[in-house]
Amino acid sequence: MKPSTTSLSLRTKPRGLLASLGLSTLLALGLAGCGGEVGIGIGIGYVWHDHDDWPDHPDWPSWPNRPQGATGLFPIAGDICGSCSGSRDGTGSQARFHDPQGVAADGAGNLYVAEAASATIRKITPQGAVTTLAGSAGAPGYADGSGGAARFNAPSRLATDSDGNLYVTDSGNSAIRRVTPAGAVVTMAGSGNCGSSDGSGAQAQFCNPKGIALDRWGNLWVADTGNHTVRRIATDGKVSTVAGAPGVCGSADGKGGARFCGPQDVTVDYWGNVYVADTGNSTVRMINPEGQVSTLAGLPGQCAAQDGSPNVSRLCSPSGIDVEGNDLYVADTGNATIRRINLDNVTSTVAGVAGRNGIVLGALPGGLDKPIGVTLAPDGSLAVTTHNIVVKLLAAK
């Protein structure tokens with residue numbers, strides 16, 4: 001999606017000549033369009049997921065069996081019984097989650113969940129088998145290490161690369177961690193203390209960061225929630241502040257003077273546009289490659305539920321966001337719904353009923369309970385964390 005040259009809040013997809021250009025030309029065009037505070041570099045080591053290149057997993061997940069092509073909400077792992085909480089490995093309904101938040105998928109069809117309350121990172125296979133990849137349930141702390149020897153404190157969001165590495169916002173430790181496919185954990189940035197400073201490694205400081213996303217150039221983008229800013233970790237490990245002002249909760253569009261309030265998630269499209277779930281403002285924002293910030297949905301300070309164009313739509317404390325082609329999918333937590341924002345920035349409700357918390361599986365609209373994490377899965381469905389269960393959302397396009 002290439003940003004419009006006529007309006008900050010409109011998004012346009014590549015057409016005509018752009019569709020026929022090779023990858024090297026597209027990369028050159030993307031770099032040529034980036035300037036100012038939001039320069040983009042190419043590095044080796046991180047690879048952005050182009051969802052179109054993911055293999056098709058028509059059986060994802062295979063538990064339980066269901067007609068292919070059906071729309072609705074279906075269970076992946078965990079259960080909705082009154083006592084179904086805690087952190088327990090197992091398959092399907094036998095697994096237990098405790099405050100699952102962010103969710104991410106890899107190219108093999110595995111899901112990964114940041115489980116804040118248990119201080120762990122969980123893995124769900126395409127068959128619905130849940131294991132604990134890193135951290136120890138009920139033992140928060142701050143330590144690098146492998147598997148159960150590693151320690152987290154309220155991890156909240158995560159992203160994956162093509163090598164199967166995870167990038168985790170360890171919110172309680174105000175740090176960014178990397179987890180290998182084998183569960184080895186290292187700290188990439190942050191000192192374990194809440195602060196706001198740019199730099200590399202432990203010199204950089206975050207404050208309760210939550211959202212994280214990887215762009216196709218290898219940069220990590222972070223919603224630094226406690227600082228009300230959006231940060232970038234370049235491929236050389238250097239952290240910079242892209243938008244917002246540390247310690248200033250507000251809402252303002254533009255470049256340089258843009259303001260956010262407690263943003264909790266970010267995602268990045270092919271063209272380098274960064275989308276922000278600006279939770280404290282109940283809005284969805286966009287930062288284009290030139291650093292201009294605009295508002296795509298919602299009105300600052302108004303927690304409500306309304307579909308429609310940018311000046312009409314209303315959200316309530318959105319805390320999760322992902323992009324699929326020209327569509328944005330938003331976990332509208334305060335409204336207990338999943339919303340979609342299309343290319344024309346028109347917002348619609350995909351699943352859940354606004355103002356009605358409670359999990360109802362099956363035919364849409366179904367029901368959700370404070371959904372937080374949302375991610376595109378390899379088969380084109382969405383995986384959503386809601387209360388203590390992970391569900392699959394199949395919606396009509």
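**Strands and cores**

Strand β21 (residues 283-287) pairs with β22 in the antiparallel sense, over four bridges. Strands here are DSSP E runs of at least two residues, numbered from the N terminus, and two of them pair if DSSP finds at least two bridges between them. M286 sits opposite S294 in β22. The two strands make a hairpin with five residues between them. In that turn, G291 has a positive phi of about 90 degrees.

A word on the source: this is a predicted model, where local features need pLDDT of at least 70, side-chain atom pairs count only at pLDDT 80 or more, and totals for chains, interfaces and linings use all residues. Residues are numbered from 1 along each chain as its sequence is written, and side-chain values use heavy atoms, with hydrogens and water left out.

Is β22 enclosed or open? Five of the five residues of β22 (residues 293-297) are buried, so the strand is largely enclosed by the rest of the structure. Buried means under 20% relative accessible area, with a 1.4 Å probe and protein chains only.

Now the cores. A nonpolar core is a set of buried Ala, Val, Leu, Ile, Met, Phe, Trp, Tyr and Cys residues joined through side-chain atoms within 4.5 Å. The largest has 15 residues, and I338 and L393 have the most contacts inside it. Three of its residues, the largest share, come from β29. A second, separate core of 14 residues includes A213 and V274.

Last, an open sheet. Its five strands run in the order β14-β18-β17-β16-β15, with antiparallel pairing. β14 (199-200) and β15 (211-214) are at the edges with a single partner strand each, so one side of each has no neighbour in the sheet.

Methods
Buried means under 20% relative accessible area, exposed over 50%, partly exposed in between (1.4 Å probe, protein chains only).
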